[in-house]
Amino acid sequence: MLTEADLPDDVDALRALVLEQARKLEKTDAEVDRLRAIIEAFQRHRFGRSSEQLDDDQLQLALEDVETALGCAEAAVDASAGRQRSERPRKTNRGSLPSHLQRIEQVVDVADKACPCCGGALHQIGEDVSERLDVVPTTFRVLVTRRPRYGCRSCESAIVQAPAPARIVEGGIPTEALIAQVLVSKYADHLPLYRQAQIYARQGIELDRSTLADWVGRAAWYLRPLRDHVLERLRRSERLFADETTAPVLDPGRGRTKTGQIWAYACDDRPSGGEDPPMVAYVYAADRKAERPDAHLGDFTGILQVDGYGGYAALARRRGHVSLAFCWAHVRRKFYELADSSPVATEVLHRIAALYAIEDEVRGSPAEHRRAARDARSRIIVDDLHQYLEARNQQVSAKSKLGEAIRYALTRWDGLARYLDDGRIDLDNNTVERSIRPLALNRKNALFAGSDEGGDNWAVIATLIENCKLSTINPHAWLTETLTKLANG
């Protein structure tokens, strides 16, 4: 939102600024209208002919993403128009539970403290103590904000009152902590908004799914620059992992889903002795075209650790300053599928296992130590394996599964062998694949996103929550604090 200090003194510059703001507002208003049209189309699906109807669960999931995108767009409209704001993995506990939990003690005592033998007074000689984990269901509370107004008896014209606290949802009822709870439940715990609404209703809190979606959309609008900042930090890394996964998106005009993509970019230097924290950023795209990673990576230069997708090879050809390091785990999977019926596949798997055994020994060591160990022990295995595959490639049918697996490895050999000369490179792409798994879980529960915008909001919020998890930070606490700071500018 523009402030008085942002306005130029020059009349022409001021006119240009006003025109630019008007264009932005017009574009955002058009986006709001488009999203409202999508919601109306979904409603027609719900009440239309039976052949056009969607399953009710699917409809709820689709609507929440579109309404989230609508909330995000409306937050942009508010900002462009200058509207003022009134002012963890399961742990086993055997008798020892976390010390920070509140202890509620109860004493189970004998009714009669007279000795059952002689009738004398009993005295305590010890006790048995046990602890059990109890739970109080989610407790809602109401924060009442009072702002006294003051007047002056002398002049009676001045009224003094503290400004209202800033909020993410202006005029709404949620605190930033409640919005954070909704975000974590949806994107970390994979609980769709309509199910959250059902949970709240059990405690007498009636909140529509569309209301929750509006909160999520407005939060996504505030949080998007932070995701973009994480992505920019990743672009400045010397080495990145990249991968992508499908994100089915409902296409109301065609009455079915289309296949979007969520791209993941990650860095983790801990296996090579680095001290920087691991990071990941997700970016949604409507397709899997080769130009997508090119656009996402900006001016990135360095090593890109990837699978065999051809789009990365095209990117490396266009950019001379990007080197590809391919994933040995993908090579191993190709042969693993054939191991029961092919002695060649079994032999390849044994040799790849020897490479992984060496990596297990040097994981966490400085990069130069890893390079030296690989040069001394791994290089001869890699070179022998290359010769073995070259020989077998001449003996097996090109159309067989084994022939395809061999060609997959041989055509990417330079990228597979690159790790031998650089101790920073990992043997596989598993770092980013681990970051993809939470998205797959959310996809399994949500079935699909309701729109391209919903997919993008998914990527924004998932980025921040996953980075909290990577750094063992409580995502609810972090989001609560961050949203509060963002609301206050």
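By helix I mean a DSSP run of H or I with at least four residues, numbered from the N terminus. Before I go on, this is a predicted model, where local features need pLDDT of at least 70, side-chain atom pairs count only at pLDDT 80 or more, and totals for chains, interfaces and linings use all residues. Residues are numbered from 1 along each chain as its sequence is written, and side-chain values use heavy atoms, leaving out hydrogens and water.

Of its 11 lining residues, Tyr187, Pro438, Leu439, Ala462 and Glu466 are the closest to the centre. The elements giving two or more residues to this lining are α13 (430-446) and α14 (452-470). By class, that lining divides into 8 nonpolar, 1 polar and 2 charged residues. For the classes, Ala, Val, Leu, Ile, Met, Phe, Trp, Tyr, Cys and Pro count as nonpolar, Asp, Glu, Lys and Arg as charged, and the others, Gly among them, as polar.

You will want the grid details. On a 1 Å grid over the protein atoms alone, a cavity is a set of points where a 1.4 Å probe fits but cannot get out; a pocket is an open set with protein on both sides within 12 Å along at least five of seven lines, and lining residues have an atom within 4 Å of a point. Points are joined across faces, edges and corners, and a volume is the space filled by probe spheres set on them.

Now, the second largest pocket. Its volume is about 810 Å³, and among its 22 lining residues, Arg141, Leu143, Ile173, Pro174 and Thr175 are the closest to its centre. Which element gives the most to this lining? That is α3, with 4 residues. The lining has 12 nonpolar, 7 polar and 3 charged residues.

Let's stay with α3 and look at its helix partners. Helix α3 (residues 176-187) packs with helix α15 (residues 475-487) at an angle of about 135°, their axes 8 Å apart. That makes α3 oblique to α15, since angles under 35 degrees count as roughly parallel, over 145 as roughly antiparallel, 65 to 115 as roughly perpendicular and the rest as oblique. Axes are lines fitted to C-alpha atoms, for helices over the stretch in contact, with angles from 0 to 180 degrees between N-to-C directions. Residues of α3 including Ile179 and Leu183 meet residues of α15 including Leu479 and Leu483, with contact meaning heavy atoms within 4.5 Å. That contact has 8 nonpolar, 4 polar and 1 charged residues.

The other partner is helix α4 (residues 193-201), which packs with α3 at about 125°, with the axes 10 Å apart. These two helices are therefore oblique to each other as well. In α3, Leu178, Gln181, Val182, Ser185 and Lys186 meet Leu193, Gln196 and Tyr200 in α4. Here the classes are 4 nonpolar, 3 polar and 1 charged.
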